[in-house]
Amino acid sequence: MLTYRYDTQLLIEGKDLSEDTIHDHIMENFDGDCLLAVGDDEMIKIHFHTNEPWKVLEYCATLGEIYDIVIEDMDRQARGLKG
């Protein structure tokens, strides 16, 4: 059984983005694990396992334009179904 069901991935395009600030905000405010926040001051890639991906999307949308959004249901994948 998975603790966090949704593999949430997206890109944020903006200005003066900070990997560390974004990483810390997500870890302090959202329940989940396996967080990666990598990039530079104009583009950050987010990867995060959570049960509430919409909250991550809402936050990231405040930082800039979000796109290439992928949310996969890892529970379905574990059961051999399309995620």
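Contact, in this talk, means heavy atoms within 4.5 Å. With that cut-off, and leaving aside neighbours within four places in sequence, Ile 12 is in contact with Leu 17, Ile 22, Glu 42, Met 43, Ile 44, Ile 46, Cys 60, Leu 63, Gly 64, Glu 65 and Ile 66.

First, the ground rules. This is a predicted model, in which local features need pLDDT of at least 70 and side-chain atom pairs count only at pLDDT 80 or more, while totals for chains, interfaces and linings use all residues. Residues are numbered from 1 along each chain as its sequence is written, and side-chain values use heavy atoms, with hydrogens and water left out.

Now the overall layout. The chain has 3 helices and 4 strands; helices here are DSSP runs of H or I with at least four residues, strands are runs of E with at least two, and both are numbered from the N terminus. Read from the N terminus, the order of elements is β-α-β-β-α-β-α. The radius of gyration is 13 Å, close to the 12 Å from the globule rule for 83 residues, so the chain is as compact as a globular protein of that length. That radius is taken over C-alpha atoms, and the rule is 2.2 Å times the number of residues to the power 0.38. The C-alpha trace spans about 40 × 25 × 20 Å along its principal axes. Of the contacts with a separation of 6 or more, 67% are between residues 24 or more positions apart.

On to surface. The accessible surface of the chain is about 5,200 Å², and 49% of that belongs to carbon and sulfur atoms; areas come from the Shrake-Rupley method with a 1.4 Å probe, and for residues only the protein chains shown count as cover. Buried residues are 34% of the 83, where buried means under 20% relative accessible area, exposed means over 50%, and partly exposed lies in between, with a 1.4 Å probe and protein chains only.

Next, the sheet. In what order do the strands of the open sheet lie? The order is 2-3-1-4, with antiparallel pairing; two strands pair if DSSP finds at least two bridges between them. Strand 2, residues 32-39, and strand 4, residues 65-73, are the edges, each pairing on one side only. From one strand to the next the twist averages 10°, with axes fitted to C-alpha atoms, for helices over the stretch in contact, and angles between N-to-C directions running from 0 to 180 degrees. Helix 1, residues 19-29, packs on this sheet and touches strand 1 (6-13), strand 2 and strand 3; its direction makes about 165° with that of strand 2.

Pair by pair, strand 2 and strand 3, residues 43-50, are antiparallel over 6 bridges, and a hairpin joins them through 3 residues. Within this pair, Ala 37 stands opposite Ile 46, and Gly 39 has Ile 44 as its bridge partner. Strand 1 is joined to strand 3 by 8 antiparallel bridges, and to strand 4 by 7, also antiparallel. In those pairs, Leu 10 is bridged to Ile 46 of strand 3 and Asp 7 to Glu 72 of strand 4. Strand 1 has 6 of its 8 residues buried, so it is largely enclosed by the rest of the structure.

That brings me to the core. A nonpolar core is a set of buried Ala, Val, Leu, Ile, Met, Phe, Trp, Tyr and Cys residues joined through side-chain atoms within 4.5 Å. The largest one has 15 residues, and those with the most contacts inside it are Ile 12, Ile 22, Ile 26 and Ile 46. Strand 1, helix 1, strand 2, strand 3 and helix 2 (53-61) each give two or more residues to this core. Helix 2 gives the most, with 4 residues.

Is Ile 46 buried or exposed? Ile 46 counts as buried because its relative accessibility is 0%. Asp 16, in the loop between strand 1 and helix 1, counts as exposed because its relative accessibility is 69%.
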